[in-house]
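Open the structure in your viewer and keep the selection tool at hand. We will go stop by stop.

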Amino acid sequence: MNQLHVSEAVRYIGVDDTTIDLFESQYVVPNGVSYNSYLILDEKAAVMDTVDRRATAAWLQNLEEQLAGRKPDYLVLHHLEPDHAGSVRALLEKYPDITLVGNAKTFGMLPKYYDYDPAHTVTVKEGDTLSLGAHTLTFVMAPMVHWPEVMVSYESAEKILFSADGFGKFGALCAEEDWLCEARRYYFNIVGKYGVQVQSLLKKAAGLDIRTICPLHGPVLREDLGYYIGKYDLWSRYEPEDEGVLVAYASIHGNTAQAAKTLAEILERKGCPKVAVADLSRIDQAEAVEDAFRYGRMALLSPTYDGGLFPPMDHFMAHLRDKTYRRRRVAIVENGSWAPAAAKIMRGYLEAMKDITICETVHTIQGAVKDSDITALDNIADELLA
């Protein structure tokens with residue numbers, strides 16, 4: 001764990017969870033997740049967040065080892081979601097004299113998780129500071145990134161931003177995987193709805209001299225911070241990251257799947273730089289959402305089912321709506337041998353979103369893919385790439 005420490009005074013005391021299968025009981029995490037927590041050792045000792053209760057015992061052991069007989073003076077609560085505040089009770093029981101530091105919304109929400117009041121609290125607001133000795137924390141409010149009580153803190157001596165869920169990623173630290181893919185999937189599925197609020201926080205952070213970012217999930221970021229901040233700026237403005245098309249389909253008996261694969265082949269033949277194909281019945285839907293935001297164009301292909309939209313496509317589109325999908329060009333293809341309704345429902349979802357350009361050609365396949373359908377798919381490819 002010593003290799004994970006930020007500095008001599010700022011110690012990493014977080015825990016990897018490699019046994020969890022679904023983060024938030026919905027997102028597949030094949031490489032687990034890290035619950036990050038930090039300890040600042042100065043004249044005063046400050047614990048920066050706790051961890052999920054799944055990891056309480058290991059976290060308390062890490063904390064005790066780094067305290068080396070000291071008692072912590074403060075617990076700073078940046079975010080009360082249970083994966084970060086799940087061990088508050090255990091800490092209070094072990095160190096009842098510790099002072100909790102949070103904002104007004106923090107302490108308004110805390111009783112919803114704990115049925116007793118802590119003995120000592122400090123309520124902070126935008127710009128307030130907390131001196132630990134040589135280290136000083138300045139608090140910056142970040143409401144709805146991605147809960148209402150969220151704040152971040154900036155330590156001025158070592159120029160560290162404790163960024164709460166910002167700049168986090170899926171994956172345990174021991175996995176040593178590339179940051180971008182799992183950070184993108186994490187962002188759009190966890191934080192992505194709140195792009196406006198992320199932009200507001202980035203504007204505040206622009207005025208700080210940041211040398212290190214300490215998130216609550218994923219690795220401590222120390223080098224080329226402009227790269228990471230640039231990705232968050234791009235993502236939170238809902239701008240496409242790469243040129244390409246996501247072909248997202250759901251298929252009952254394979255006919256719609258054949259149409260999707262044919263469309264992908266046509267797009268590639270026409271020079272599309274990247275074509276990603278997602279079988280919504282089988283792929284991790286969080287990855288499909290990630291790719292929908294990554295690329296500027298998307299094709300949706302779905303059959304009608306029970307007079308409505310086939311459930312895997314319906315789930316995908318509801319997720320896009322909830323994550324404020326916008327500023328994209330989208331094509332629609334439905335399949336229905338009788339009473340087709342999928343296109344109408346998909347259009348309804350898209351029309352409720354902002355800045356979505358729907359391709360003029362909306363095609364209906366009736367059963368198996370025929371030569372006339374391939375001609376229509378060719379036209380749709382031209383519209384998508386226009």
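**Stop 1: a sheet**

Select strand 11 and strand 12 (residues 136-141): three bridges join them, and they run antiparallel. This is a predicted model. Now pick Leu130; the bridge partner of Leu130 in strand 12 is Leu137. Strands of a sheet pair through backbone hydrogen bonds, either parallel or antiparallel.

**Stop 2: helix 8**

Select residues 255-269, which form helix 8. The helix has 15 residues, and at 1.5 Å a residue it should span 21 Å. Its end C-alpha atoms are 21 Å apart, so the model agrees.

Colour the buried residues of helix 8, among them Thr256, Ala260, Leu263 and Ile266. What do the buried residues of helix 8 pack against? Their partners include strand 16 (242-249), strand 18 (295-305) and helix 12 (371-385). After helix 8 comes Gly271, with a positive phi near 95°.

**Stop 3: the largest nonpolar core**

This core holds 96 residues. Select Leu63, Leu300 and Phe316, which touch the most other members. Helix 5 (residues 179-191) gives the largest share of the core, eight residues.

**Stop 4: aromatic rings**

The whole structure has 19 aromatic pairs. Select Tyr187 and Trp235. Their ring centres are 5.5 Å apart and their planes lie at 35°, so the pair is tilted. Tyr187 sits in helix 5 and Trp235 in helix 7 (residues 225-236), 48 residues apart, so to speak linking distant parts of the chain. Tyr187 counts as buried because its relative accessibility is 0%. Trp235, at 1%, also counts as buried.

Next, select Phe188 and Phe293. This aromatic pair is stacked, with 4.4 Å centre to centre and 10° between the planes. Phe188 is in helix 5 and Phe293 in helix 9 (residues 285-294), 105 residues apart. Are these two buried or exposed? Both Phe188 and Phe293 are buried.

Finish with the cluster linked by ring pairs. Among its members are Phe167, Trp179, Tyr187, Phe188, Trp235, Phe293 and Tyr325.

How values were computed. Residues are numbered from 1 along each chain as its sequence is written. This is a predicted model: local features need pLDDT of at least 70, side-chain atom pairs count only at pLDDT 80 or more; totals for chains, interfaces and linings use all residues. Side-chain values use heavy atoms; hydrogens and water are left out. Two strands pair if DSSP finds at least two bridges between them. Helices (H or I, at least four residues) and strands (E, at least two) are DSSP runs, numbered from the N terminus. A nonpolar core is a set of buried Ala, Val, Leu, Ile, Met, Phe, Trp, Tyr and Cys residues joined through side-chain atoms within 4.5 Å. Buried means under 20% relative accessible area, exposed over 50%, partly exposed in between (1.4 Å probe, protein chains only). The expected span of a helix is 1.5 Å times one less than its number of residues. Contact means heavy atoms within 4.5 Å. Rings of Phe, Tyr and Trp (its six-membered ring) pair if their centres lie within 6.5 Å; planes under 30 degrees apart count as stacked, over 60 as edge-to-face and the rest as tilted.
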